[in-house]
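Good morning, colleagues. Please turn to the structure on the screen; I shall take its parts in turn.

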Amino acid sequence: MRAAKALLVILLCALFAWHVRTARREARQRGVTSISTADKLRSVTHDVILRDRSLDHAITLTYAIDLDRPTEIVLAPEIHVTGGPVAFDVLDRPVYLETRITHGETRISFGPPPPAFGAARQITLAFSTDAPPLRYGWGYRARPLPWATTFAPPRVASMIHAHVPALVSASGWGCTYGEAGGRICALSIGGRKRPVALPMEPSADVPFRLAFAATLGAAISFVMWAIYRRWSKHADAMGLRDDVEIPTTEEFIAEYRKKPRPRPSVPDEIDPFDAVALVARGIIGVLGLIGSIFVVSHFEGGFFPIAAPLALMLWTALAGAVITLAIGIDRPRPWVSVAAVVVLATIATIPQARWMVPGLIPMLAAVLMQLTAK
């Protein structure tokens, strides 16, 4: 048994190390766009328009008026330009660009743009990239654009504008009608490093939302039921049954006067602090379930391979079953739940199942807390 537990721990550590290494590798591949005159930048506005199977990007750079040297931009390695780049100043006059592509690295150089109304210097850089496949968010479909948050330095005000064909409601995005009847969804970057997905069109997922709500209620109910069963067995061991009728004060005094009886003693092996630990384990179990759902929803919003409520429904059912098993009904089975976490972490190595990775950490914390039970 000890060998099996040690093997589970080794497998779990190896899988989490693999996931961390994969995340770091993806971050390195995504890279960061470097701008030689970043110290003079005042704001960056990134407009994205979908055209057929490509995305048109218009990145407006606003500089301080005292910019007096040429600018060299090195695009992040993940940016594969398929059209352009071209540039325009604030008066829509073309700006000469010097573009060099070496070993997959795109370098763009240009001189200081003319002053914009005597207060700043502004240039708009335009190019095209292939459109990534559609993913899903809560009520919308999106196209991932991980490198969009790495274009501006953290201290520089930055906005992303997604020009979409239909009005979309997306968390964190402000979507409204734009000029000429178009729709625009805006997101303030503000030093954000987490990848973003551009909302593109609404998704009819109301039935899945209802199924998710029902699954969430059932999962929490099962976890609470498991906590109740564990408390019931603990109360039995301590001789504290809920169904025992408690006498009134008058009845107790009358019975005491007739024939005093010693109170039933609590077995020595029952520690009263076990009740406190049991409650703590139950709270961590519930918080682990809710936390894992929240973390998956927060970090994978717009990146789900299937409808977001459907994905969250599946995850809620899995997390609820694992945590309920760890708490136990007749007795706790945390090591079986650890094995289940290992299985889920293994499944998450598949690219289409990577969205489960963020939720594994809160769920594992809830499961490990149950290891403190006797």
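Predicted model: local features only at pLDDT ≥ 70, side-chain atom pairs only at ≥ 80, totals over all residues.

**Strands, cores and links**

Residues are numbered from 1 along each chain as its sequence is written, and side-chain values use heavy atoms, with hydrogens and water left out.

Helices and strands here are DSSP runs numbered from the N terminus, with at least four residues (H or I) for a helix and at least two (E) for a strand. Two strands pair if DSSP finds at least two bridges between them. Strands β10 and β11 run antiparallel and are joined by 2 bridges. They belong to an open sheet of 3 strands, in the order β10-β11-β15, with antiparallel pairing. Its edge strands are β10 (135–136) and β15, each of which pairs on one side only.

An open sheet of 4 strands has the order β1-β4-β7-β6, again with antiparallel pairing. At its edges stand β1 (34–35) and β6 (98–102); each has a single partner strand, so one side of each is left without a neighbour in the sheet. Between β6 and β7, which run antiparallel, there are 5 bridges. Within this pairing, Thr99 stands opposite Ile108 in β7.

I turn now to the interior. In soluble globular proteins, nonpolar side chains tend to be buried together. By buried I mean under 20% relative accessible area, with exposed over 50% and partly exposed in between (1.4 Å probe, protein chains only). A nonpolar core is a set of buried Ala, Val, Leu, Ile, Met, Phe, Trp, Tyr and Cys residues joined through side-chain atoms within 4.5 Å.

Which residues touch the most other members of the largest nonpolar core? They are Leu61 and Phe110, in a core of 45 residues. The elements giving two or more residues to this core include β2 (41–51), β3 (54–64), β7 (105–110) and β9 (120–130). Leaving aside neighbours within four places in sequence, Phe110 is in contact (heavy atoms within 4.5 Å) with residues including Leu61, Tyr63, Val95 and Ile123. A second, separate core of 40 residues includes Val223, Ala226, Val296 and Met363.

Next, the disulfide, defined as a pair of cysteine sulfur atoms within 2.5 Å. A search of the whole structure finds 1: Cys175 is joined to Cys185, with an S to S distance of 2.1 Å. Cys175 lies in strand β13 (residues 174–177) and Cys185 in strand β14 (residues 183–188), so the pair ties together parts that are 10 residues apart in sequence. The torsion about the S-S bond is about 115°, so this disulfide is right-handed. Cys185 counts as buried, at 0% relative accessibility.

Finally, the rings. Those of Phe, Tyr and Trp (its six-membered ring) pair if their centres lie within 6.5 Å; planes under 30 degrees apart count as stacked, over 60 as edge-to-face and the rest as tilted. The structure holds 3 aromatic pairs. One of them is the edge-to-face pair of Trp138 and Phe212, at 5.7 Å centre to centre and 75° between the planes. Trp138 lies in the loop between β10 and β11 and Phe212 in helix α2 (residues 206–238), so the pair ties together parts that are 74 residues apart in sequence. Trp138 counts as partly exposed at 34% relative accessibility, whereas Phe212 is buried at 11%.
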